[in-house]
Amino acid sequence: MAAVAAHAGVTNPSNPTVYVKNLEERIKLDQLKEALTEIFSEYGNVIELVAKPNLKAKGQAFVVFDETEAAERAIKEVQGFELFDKPMLLDYARTKSDATVQREGPPEAFEAHRRRRLAEKERKQAYESAEAQKKLKRPAAGAPPEAGTARPVKASRGAGLKSSNPAAGAVIPEEYLPPNKILFVQNLPEDYGVDGLTAIFGRFEGFREVRLVPGRRGIAFVEYEAEAGAISAKENTAGMALGEEGKVVKVVYQRQ
């Protein structure tokens, strides 16, 4: 396979994972994976090939080699090669794959990598959710107000209160809140106090304390020294059932 536009558009730091885009989206996933495996296996040992069927991931794939040199050879020679009548565009992936991190380091390194990736994914989801809500609430330029819609009232001089109108700003759903070091735990059984919750949440790195809300049952705040501990706790406790009635607990990040 002749080299085509070697390294054209390659911008990310070298690593064993090749990011492939501009793939034909109408090809069945199994057929696409088979073709990619056949092409890239010529340049080294492919330990993983990731291509997903969801709409956002269509047209792209990740090819994970066991060494960076193989990824470099593939990018040099496959760049621009036509697959199903579309030229493939290649670059190094922005981050190392899970498979690569597992091969290169101890288990704790992989766990830290996985937490960072999850935190980044949740931040992105929160941002996309907020942007989508803004678009829904933003009227088209020059569009007249809908029938029955109240006209905006000019604020009186000196008014400093925040608007109670929910359309005044996008509210991020709880499940998409960005990570921070404090968790908000809901739907707790009434008999679960500080000791019971400490026994559950104290197992995770950097645990500081459990705080109950005076006069409010069924909720609590759990604080950690850093985001990593909160992320791990949220992953491992969300959806767990507690108490005799098996109440399913909801665990989200505290809204800031």
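Predicted model: local features only at pLDDT ≥ 70, side-chain atom pairs only at ≥ 80, totals over all residues.
Is Glu-24 buried or exposed? With a relative accessibility of 13%, Glu-24 counts as buried (buried means under 20% relative accessible area, exposed over 50%, and partly exposed in between, using a 1.4 Å probe and protein chains only). Residues are numbered from 1 along each chain as its sequence is written, and side-chain values use heavy atoms, with hydrogens and water left out.

Now for the charged pairs. Side chains of opposite charge can pair when their charged atoms come close. Searching the whole structure turns up 7 salt bridges (a salt bridge is a side-chain nitrogen of Lys or Arg within 4 Å of a carboxyl oxygen of Asp or Glu). One of them links Glu-24 to Arg-26, with the closest N and O atoms 2.9 Å apart.

Another group sits around Arg-211. Arg-208, Glu-209, Arg-211 and Glu-223 are linked in a network of salt bridges. Within it, Glu-209 and Arg-211 bring their closest N and O atoms to 2.8 Å, while for Arg-211 and Glu-223 the figure is 2.7 Å. Arg-211 lies in strand β8 (residues 207–213) and Glu-223 in strand β9 (residues 216–224), so this pair ties together parts that are 12 residues apart in sequence. Helices (H or I, at least four residues) and strands (E, at least two) are DSSP runs, numbered from the N terminus.

Four strands form an open sheet in the order β8-β9-β7-β12, with antiparallel pairing (two strands pair if DSSP finds at least two bridges between them). Strands β8 and β12 (250–253) stand at the edges with a single partner each, so one side of each has no neighbour in the sheet. Between β8 and β9 there are 6 bridges, and Val-210 stands opposite Val-222 in β9.

Helices lie across this sheet too. Helix α5 (residues 194–201) lies across β7 (182–186), β8, β9 and β12, at about 145 degrees to β8 (contact means heavy atoms within 4.5 Å; axes are lines fitted to C-alpha atoms, for helices over the stretch in contact, and angles run from 0 to 180 degrees between N-to-C directions). Helix α6 (residues 227–237) lies across β7, β9 and β12, running at about 155 degrees to β12.
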